[in-house]
There are 2 protein chains.
Amino acid sequence: MTELRVGVIGGGQLARMMTPPAINLGINIKVLAEAPGSSAALATTMVGDYTQVEVVREFAKSVDVITFDHEHVPLTVLRQLEAEGVSVQPPSKALAFAQNKLEMRTRLGELGLPMPHWAEIHDAGSLELFIAEHGGVAILKTPIGGYDGKGVRVVRSASDAADWLSEEGLAKVGGHLLAEEKVDFVRELAQLSARNVSGDFQAWPLVQTVQDNGVCSEVLAPAPGASQATLVEAARIARLVSEGLGVTGVLAVEMFETADGRLLINELAMRPHNSGHFSIEGSVTSQFEQHLRAVLDLPLGSAESTAPHAVMVNLLGVDQTNDFLPHYQEAMLAHPTAKIHTYGKGARQGRKMGHVTVIGNDAEAALTEARQAAMVLRQDF
Amino acid sequence: MTELRVGVIGGGQLARMMTPPAINLGINIKVLAEAPGSSAALATTMVGDYTQVEVVREFAKSVDVITFDHEHVPLTVLRQLEAEGVSVQPPSKALAFAQNKLEMRTRLGELGLPMPHWAEIHDAGSLELFIAEHGGVAILKTPIGGYDGKGVRVVRSASDAADWLSEEGLAKVGGHLLAEEKVDFVRELAQLSARNVSGDFQAWPLVQTVQDNGVCSEVLAPAPGASQATLVEAARIARLVSEGLGVTGVLAVEMFETADGRLLINELAMRPHNSGHFSIEGSVTSQFEQHLRAVLDLPLGSAESTAPHAVMVNLLGVDQTNDFLPHYQEAMLAHPTAKIHTYGKGARQGRKMGHVTVIGNDAEAALTEARQAAMVLRQDF
C-alpha cells in the first residue's frame, strides 16, 4: 500500500488541527514535538529539539516531506537537510523571509508590493530620524522572534526603546531593528492562500481580523463590505507574495486597510494561521487540508465557502486555572450550531487555547452565536 | 485540567472517523483495537481481545465511558462491567437487540413498529410453512453475527438452507433462524439519529441508500422526493426505536419503502453507520461528533444540513492489491470539491476501504462528481 507521509515540526495547535484532515485523507502525519503532552500529542512520533540538525534529520527519515507548526526552525538546520535531499516545504529560502522581517520588507519592496514605510534601525539616531519623518511615532519591531504582539512596540522617541537599542539588546536580534510607519488603518484584513510545490495557487475569501492586545480575537469571513476592487487586490498581493517569496503551503498575508481603501502588508505567516481557522467549517477545503495537499504536491482543493458567512472567535485563556471543558454542557445546550475547538493546552491568561466557529446565512447572527458560546466557555460575561 | 475520555472498542473505520471530532472538541479518545495497525491506529492505546472481560476491564479503567466501533462485544462482558459501575453506551440492554435479530424483531413488535412479516425458524418444517405463506420465498437470516450481506440468504425451499438448518448449523447461531417476508420495496432508506444518556434526541434528514451485493454503495441525502409524511414517519420510527430499545449514541434504522409508501424496518445499527458518513461534510454536527457527545451525555449538536444535497459514494476494494493513493493526483485535479476519505485498510475486493462525499445545491451534479471521483480512485471505468 502506498503511503503519503508528512512530518510536522512543532506540536502546537496548528499541527493538532492538521491531524483530522490527515486522518480523512489517509495521510500518515507525524509530529516532532518539543515536549511530551503537546497539543498535537496524538500524532507525535518523536520528541526532541528542533534546533539540533541530528534530531530533525532523524525525524525527516520517517517522512516524505517536512513542514511546520511554527517558523522557528533555524535556517542552518533546514539548509543542511535540503542539501541532503530532504523536501522541506515551505523551503528555507522562503522561510528566510518569514524569520526576518527586515529581509521580508526588502523583498516585498523589490516586488513593488504595498506596505507601510519602513527603515532599518541600528541606533537611536536613525530611530529618532524615522520618528520625526513619520508624525512623531513609529512601530518598532525586532526583526526576528516576534509573534502575537511580542517583539512589537509603539515608540515616540528613542528612549522608549533604550533596552532594544543597547548593545546587548541589538546583539539579541542580529544588530538591527525594523521601524515602520504607524498606519492610520480603518481595519485589519487577512488574505489566506495556498500554493503547492508545482506552483498551483488557491485563495480563500478575504477576511477581517480583530485584534485584542496584539492577539487575534475574532475573524469575519468574508470581510464585511469589501469592494470587488479590494478582493481582487488582496488576492493579487497574496499571489505575488507567494510566488515572489517562493512559498509553498498555506500563506497568510495580514494587511491594513486605510481610509482611502489601500491595502498595506503588515505581517506574513508561511503556515496555517489563526485567520484561517474559519475554513475548517467554512470552506470546502480547510487551510489544514490544503496545507497537507500543498506540501505533498497534491492538487489543491476548492477554497469555496460552504456558507455565506463564517465567524471565528478565539478562546483566549482567562487565567492560570482556566478550563473550558466544565462549561461544555452549558455552551452546547445554548449554542447547538457552534463548532467548539479546544487545543489541550495548559492555561494561561491571553493564551490561544481554542476557538469557536459558527457558519450561516446571517453574519450578525453567526457573530452573536460564536461570541456568546465563547463567553460561556470562558465564563466571561 | 478537566478531561473527557471516551474509550472505543474496535479499531475499524468508525473508530477512525470518531478521532477528528474528538481532536476538535478536545476529547481524549482511546481505542481498544483487535490488532496493531488498525484503521484507528492513531487513537489506539491498547491492543487486545474484546471478548475477554479482563482485557475490557483494564481498558475501561482508562476512560469515562465505553462505546463501540462494532456490535460484537459479548453481552456477558458488558454486563459484568456495568455491574462494576462502568458506563457502557449504548448499554448492554440495548445492544442485546442489535446482537440478536430475533430479539430485535420481538421488541419492535411489542412497540408496534412497522416491519416485514417474520417468524422464528427452528427446523425445515417451520421454514417451508413460512415460505408457503409468503409467496414462495423468504429472506432467511442468522440472528447473530451477520453484517454487510453476510448471514442473509434468499430461500425458496428449506433445501436452500440445509446447512444452516442442520443440527451443527443451528447450534452455531443459538438454535434458531429468522425468516422474513421478501419485501417488494421500491427503494431502501435510512434514518440516522442520536440520543444522549439523558434522553435528548436528534434526527438527521432521511437518506436513500443504494446497495450493491448487500453492501452499501451510495447514499443520497436527503432521500430524493421523500414526502413530508415519509419524513415525519421515519423520524417517528427512529425516536420510538431509540427510546423503546434504550439506545444511546447514534442509531441507524435501515428501512424499505414500499410501492404504497409504507416504511418497514429492515436492520438497526447502534453506532455510527455507513448511511451517515455524508454528515461529516453534510451536517453541522457529524454522526461521529454526535456519537461522542451522546455517549458522554453532552448536549447534542444541530443536525441541520450544511448544503441542500450531500452524496456519498463508497470506495469498495477492487482486488487484493487495490490502492487509492496513487490516484489522488488524478482524482483531486479533476474533482476539487470531492472530499476523499480512505481508511488505511488492507485491500480486498468489495471491502469498505474509503468513501467520497460531495455536497452542493444540485443533487445530480453532486452524484456525478462523487461517482467520477470514486471511479478515478478505484480506476474502475
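A: In chain B, the axes of helix H4 (residues 92-99) and helix H5 (residues 101-110) cross at roughly 110° and come within 5 Å. Axes here are lines fitted to C-alpha atoms, for helices over the stretch in contact, and angles run from 0 to 180 degrees between N-to-C directions. H4(B) and H5(B) are therefore roughly perpendicular to each other. The angle classes are: under 35 degrees roughly parallel, over 145 roughly antiparallel, 65 to 115 roughly perpendicular, the rest oblique. Helices (H or I, at least four residues) and strands (E, at least two) are DSSP runs, numbered from the N terminus.

The model is predicted: local features need pLDDT of at least 70, side-chain atom pairs count only at pLDDT 80 or more, and totals for chains, interfaces and linings use all residues. Residues are numbered from 1 along each chain as its sequence is written, while chains are lettered from A and ligands numbered from 1 in the order in which they are written.

Now the contact itself. H4(B) brings B:Ala96, B:Phe97 and B:Ala98, and H5(B) answers with B:Glu103, B:Met104 and B:Arg107. Contact requires C-beta atoms, placed from the backbone, within 7 Å. By class, this contact of H4(B) with H5(B) has four nonpolar, two charged and no polar residues. Nonpolar covers Ala, Val, Leu, Ile, Met, Phe, Trp, Tyr, Cys and Pro; charged covers Asp, Glu, Lys and Arg; the others, Gly among them, are polar.

In chain A, a loop runs between helix H3 (75-83) and helix H4 (92-99), and A:Pro90 sits in that loop. A:Gln89 and A:Pro90 are joined by a cis peptide bond, with omega about -5°.

Helix H1 (residues 13-25) of chain A packs on helix H1 (residues 13-25) of chain B at about 160°, axes 9 Å apart. That angle makes H1(A) roughly antiparallel to H1(B). On H1(A), the contact uses A:Arg16, A:Thr19, A:Pro20, A:Ile23 and A:Asn24; on H1(B), it uses B:Arg16, B:Thr19, B:Pro20, B:Ile23 and B:Asn24. By class, the contact of H1(A) with H1(B) has four nonpolar, four polar and two charged residues.

Then the symmetry. Chain B superposes on chain A by a rotation of 180° with 0.0 Å of shift along its axis, at RMSD 0.0 Å. That is the relation of a two-fold axis. B:Pro20 comes closest to the rotation axis of the residues of chain B, at 2.2 Å (C-alpha). The copies meet through the same surface, because 100% of the interface residues of chain B are also interface residues in chain A.

Two further backbone points. A cis peptide bond links B:Ala221 to B:Pro222, with omega about -5°. B:Pro222 is in the loop between strand E12 (215-221) and helix H9 (228-244) of chain B. A:Asp297 is not a glycine, yet has a positive phi of about 60°.

Notes: Two residues are in contact if their C-beta atoms, placed from the backbone, lie within 7 Å. Copies are superposed by least squares on the C-alpha atoms of residues with pLDDT of at least 70 in both.
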